[in-house]
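Thank you all for coming; I would like to walk you slowly through a structure that may be new to you.

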Amino acid sequence: MPELTVVEAVNHALALEMERDPNVVVLGEDVGKSGGVFRATDGLYAKFGADRVIDTPLSEGVIAGAAIGLAYAGLVPVAEIQFLGFAHNGFNQVVDQLARVRYRSVGRMSAQVTIRAPYGGLVRAPELHSDAFEAHFAHAPGLKVVAAATPADVKGLLLASIRDPDPVLFLEPLRGYRQVKGEVPDGDYVVEIGRARIARAGNDVTLVAWSAAVQAALQAAEDAATQGISVEVIDLRTLVPLDVETLATSVSRTGRAVVLQEAPLTAGFAAEVVATIQEEAFFSLQAPIRRVAAPDVPYPTQLLEEAYVPSPERVLEAIFATTRDA
Amino acid sequence: MNNLEGTRSVALPAPVQFLDEDGELVGGEPPMDDQLALDGYRVMLRGRRFDERCVSLQRQGRMVTLAPGVGQEAATVGAAMAIDSQTDWFVPQYRELAGQLWHGYPLKLAFLWHVGHPIAFQMPEGLNMLPFQAAIAGQLPQAVGLAWGMKLKGDPGVVLAIFGDGGTSQGDFHEAMNLAGVTRAPVIFLCQNNGWAISTHVAQQTASETLAQKAVAYGFPGIRCDGNDLFAVYATVREAARRARAGEGPTLVEALTYRLGLHTTADDPTRYEPREMHDAWVNRDPLRRMQIHLKSRGAVDDAGLERIEGEIREELRVAWDEAQKEPAPDPVSFFKHVHATPSSRLTRQLERFGRDGDA
């Protein structure tokens, strides 16, 4: 079982699936000879050729839109949007078109399309390269949204996403691309979409996070343990469909919950998690559920981003607060 | 097309035309035999009478808002006739019904479309056609992807993608045209320039002298044809399909036509459409000129034309009767096709659906 970084796990999964299924094609900006701006597609062009690893014009709209058509033709496209912050140029194709293919054709057509996009902050990137826009896409019925955090889950869920008969937006933790390393199972390793993971077991507080924020959550849980508070960290792994059972089971036991998101507070995905917990585990709750989020302010320039993105310290404060409440 | 002087930067030939507005042959021998021309006329008429019937039913409150294609039948049928329904794909916007009928879309489903039944969007098995699309130019990137994918897979098909003059202002149009040029995808972009995007005249849509010339920027030919001349559209699209099949890449065809009817049944063109412009185009009606031509060839006479009218009246009656017998859709059916397998969360919503307000 080799140890890989997140971006190596992406590369490994793509190579594996292209080897297994000759219909899989990778397309996007700079995915070919360059191997992707983060090297996620490194070596694929040399191995699989220009007809399967395709550099496209610089247009997120046509990358997503053409992927739908490629799927109609019988291919299995894995499209890369270089940064999620630019996905809105293709929002119409992803949300209004791709997500609805099966529904609007009353089941006649489907689009087996995976759209990969790195996202999240603290990588000293320019404007719109760091925004956490996951909630914009989680509100599109028909689109599954995966946001894995670890190299093993990135591999297992990317393989599951590519094989899923329906479209998946596969969000990759940009900050974790090289920072997060972990053992990755060899061979054909698939993780089911829609299942959360207990990243750390605990009894006093349930802390929910996804993607790169899982690292901050684990750090906060570690810090809380030194203060005698046992925190259970749930890594959602998939936002849509949401694993309601794992959330309900954990909070029913701990009675307290903190939900962490990197995005601005209002109408973020944490709100969905909080609403779900109160529907499922209201009578177990011993304290109000807390959210830790960025302020309702656009993502700042590099010198300000440490202050903007929720830190383990802010998560720890929320854990303390929820244990003080009631 | 616009009022600016000195904007003609790209010289394009005059629009392709075979039949002038009086039904006189002006472009040499027709590109199809009389029987095929008569078949094409019949489907154009079917589309016309269908639209008239539906507008009437809509006015009686029996149909939803709909967009008739009156006046544009030659553009859509001529294009459909020029591709092969067995191998080629038809990608519509929403004002192409006559052409879709030629390609194999059933009349019964067309009626169901206009009563708001979801089944109208489920193409019959084996019909190479995407459903109607409300997002203007929204399916063009998909059409290019489909054509490009067929090329990558070595399939023989080409894609006919239809949109209007308003669609040429959309990013999806330009992005799709650009990708098609780069990939040499076997796609035919058919722009039905009908003069109007709801109330916005094409002169306010673009400063280009023609819409066809936009193809030049993307590295492939743009050709104008008389969109009210079945032969002109057929010959132009047939050549575009030949090019696509031969690996010569995409073509943009601008069919010059006119929306003789309404944008939709919610529209009132008297607020913006100059009367004399409308009247001028009434005289260029694509059906009238085909009638004159077919009679001049001896392919049909007045009695024959009357017989066709009667047959179409009967077809429409039967199809509308069948459509009305279609069971109403069950509300729970909309849970079924969101994903191949519904998530447990959606399944639970289905279980609770209609019981209470709780999701």
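This is a predicted model: local features need pLDDT of at least 70, side-chain atom pairs count only at pLDDT 80 or more; totals for chains, interfaces and linings use all residues.

Let me start in chain B, where helix 1 (residues 34-59) and helix 2 (residues 73-81) pack at an angle of about 135 degrees, with their axes 9 Å apart; axes here are lines fitted to C-alpha atoms, for helices over the stretch in contact, and angles run from 0 to 180 degrees between N-to-C directions. Angles under 35 degrees count as roughly parallel, over 145 as roughly antiparallel, 65 to 115 as roughly perpendicular and the rest as oblique, and helix 1 of chain B and helix 2 of chain B are therefore oblique to each other. On the side of helix 1 of chain B, the contact is made by Gly40(B), Val43(B), Met44(B), Gly47(B) and Arg48(B), while helix 2 of chain B brings Glu73(B), Ala74(B), Val77(B), Gly78(B) and Met81(B); contact means C-beta atoms, placed from the backbone, within 7 Å.

Residues are numbered from 1 along each chain as its sequence is written, and chains are lettered from A and ligands numbered from 1 in the order in which they are written.

Turning to the other chain, chain A has 13 helices and 14 strands, where helices (H or I, at least four residues) and strands (E, at least two) are DSSP runs numbered from the N terminus. Of its 326 residues, 58% count as buried, that is, with 20 or more other C-beta atoms within 10 Å of their own, against 12 or fewer for exposed and partly exposed in between.

Ala147(A) counts as buried because it has 29 C-beta neighbours inside 10 Å. Leaving aside residues up to four places away in sequence, Ala147(A) touches several others, among them Glu134(A), Leu171(A) and Trp210(A).

Finally, how do the two chains meet? In total, 33 residues of chain B are in contact with 36 residues of chain A. Helix 5 (140-153) and helix 6 (171-183) of chain B each supply at least two residues of the side that touches chain A, and helix 5 of chain B gives the most, with eleven residues.

How values were computed. Two residues are in contact if their C-beta atoms, placed from the backbone, lie within 7 Å.
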